[in-house]
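Okay, thanks everyone, I'll keep this short. Have a look at the structure on the screen, and then I'll walk you through a few places in it.

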Amino acid sequence: MNNPIYLDNNATTAVAPEVFETMKPYFCEKYGNPSSIHRFGGSVAADVENARRQVAELLGATYRDKDDCATEIIFTSCGTESDNAAINAALCAMPERKKIVTTAVEHPAVLHYCEELTRRGYTVELIGVDGQGKLDMAALQNAVDENTAIVSAMWGNNETGTIFPVKEIAAIAHAKGALFHTDAVQAAGKVKIDVQDTGVDFLSISGHKLHAPKGVGALYIRRGIIFTALICGGHQERNRRGGTENVASIIGLGEACRIAKNMLATEYDYLKNMRDAFEQKLLASIPKIRINGDPANRLPGTSSVSFECIEGESILMLLDVFGICASSGSACTTGSLEPSHVLRAMGIPYSAAHGTIRFSLSRYNTMEELDFVAEKLPAIIARLREISPYWEAEK
Ligand code: PLP
């Protein structure tokens with residue numbers, strides 16, 4: 001499709017042209033293996049280290065030099081791997097502790113791995129959220145105990161954008177001697193992250209959510225933590241992640257982080273203003289809708305809107321006719337017609353949860369595009385409600 005109006009940036013983003021340019025030499029010219037002794041490989045290793053520094057700088061991690069074995073960033077294949085690796089490392093670091101505390105609204109990258117861990121004998125406790133997706137901090141406090149190896153709570157939710165108070169959560173984990181991991185896959189590059197200030201022990205990011213390619217991620221590991229690799233093999237990543245580095249993508253991730261850091265404040269305002277104006281237009285022109293998530297603390301480009309009494313999938317199909325791309329619930333859970341686990345955990349009524357669309361923006365969207373969507377939506381919703389038996393009953 002030519003020039004879609006792409007509002008599905010929480011599913012994946014376009015690779016930034018600058019990122020793509022930076023990656024290009026690493027396919028046919030600078031293709032050496034960073035582990036090689038010769039200078040051809042060595043120069044690539046230096047470039048990988050530069051990317052590591054760029055990632056560290058976006059996250060506020062420390063980076064001394066390439067020979068610093070305790071460097072806090074490792075490269076992985078994706079956000080999912082980073083999440084799995086962090087939880088696995090905590091369980092290995094504290095084998096006497098058998099419990100993981102996480103939240104009911106995590107991405108499957110955490111939730112399904114935790115499910116697998118229950119089959120291996122671990123206990124998993126899921127902390128609930130309120131109607132705005134805010135974490136039940138009292139329940140968290142009660143759940144974390146001396147048997148807890150790790151607390152894993154995301155920085156920003158991929159469906160609603162709700163931001164968790166990671167600093168407070170880290171403090172609760174640490175008070176009981178547990179480690180703290182945060183999945184910042186959706187937050188990185190969109191809100192300021194400072195791993196020092198928040199006291200995070202592990203933090204996951206994924207390239208394709210911040211204008212780097214798919215298939216590359218990174219994990220921040222606080223200096224001093226004993227880290228056991230999830231993927232064992234060669235000595236890459238200082239023995240913390242086996243496998244020859246995906247060099248071009250790592251270079252791309254570094255560049256994407258550098259750009260995101262430089263643009264953070266302006267991009268935050270740009271996305272938030274555009275998102276807020278869009279939501280106001282929808283609220284003014286369409287009855288019986290609700291905006292999901294914490295109104296006071298949301299990722300700037302995420303807008304989850306529930307249109308009562310109709311199916312999200314039908315809305316997506318009619319939006320698609322106009323070249324508008326969005327998603328219902330989460331892209332990762334699309335395929336099942338059940339409302340997503342996030343909306344269910346928030347207690348969104350069934351009739352609203354079913355008609356929920358997530359619009360997620362990037363720096364490449366414009367207000368004109370959103371105006372176009374806001375202009376088309378009222379007729380789409382009215383048309384679907386006309387044939388909805390639930391709407392008929394509601395009237
Ligand atoms: N965590 C969150 C919050 C996500 O939104 C996603 C992807 O949608 C992931 C983890 C998984 O990242 P990846 O696709 O890089 O494995």
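Predicted model: local features only at pLDDT ≥ 70, side-chain atom pairs only at ≥ 80, totals over all residues.

Lys209 has a polar side-chain atom 2.6 Å from a ligand oxygen. For Gln186, an N or O atom in the side chain sits 2.8 Å from an oxygen of the ligand. And His107 puts a polar side-chain atom 3.3 Å from a ligand oxygen. As for cover, the ligand on its own has 390 Å² of accessible area, and the protein covers 91% of that.

In soluble globular proteins, nonpolar side chains tend to be buried together. Here the largest nonpolar core has 65 residues, and the ones touching the most other members are Leu59, Trp155, Leu203 and Leu253. Helix α10, which runs over residues 247-285, gives the most to this core, namely nine residues. Take Leu203: beyond its close sequence neighbours, its contacts include Leu59, Trp155, Ile193, Val195 and Tyr220. His181 and Thr182 are also among the contacts of Leu203. Apart from that core there's another one, of 27 residues, including Ala326, Ala374, Ile380 and Leu384.

Next, Ile310. It's in the loop between β10 (302-307) and α11 (312-321). Is Ile310 buried or exposed? With a relative accessible area of 6%, Ile310 comes in under the 20% cut-off, so it counts as buried. Ile310 and Ala353 are 43 residues apart in sequence, yet C-alpha to C-alpha they're 9.4 Å apart in space.

Last one: Ser303, in strand β10. Ser303 is buried because its relative accessibility is 1%. And what does its side chain pair with in a polar contact of 2.7 Å? That would be the side chain of Glu279. Other contacts of Ser303 include Arg275, Phe278, Arg298 and Arg358.

That's my tour, happy to take questions.

Conventions
Residues numbered from 1 in each chain as written. Heavy atoms only, no water. Polar contact = N/O pair within 3.5 Å; in protein donor to acceptor, adjacent residues only side chain to side chain. Areas by Shrake-Rupley, 256 points an atom, 1.4 Å probe, with all protein chains shown as cover. Core = buried A, V, L, I, M, F, W, Y, C linked by side-chain atoms within 4.5 Å. Buried < 20%, exposed > 50% of the residue type's maximum accessible area, 1.4 Å probe, protein only. Helix = DSSP H or I, 4+ residues; strand = E, 2+ residues; numbered from the N terminus. Contact = heavy atoms within 4.5 Å. Lists of a residue's contacts leave out its neighbours within four places in sequence.
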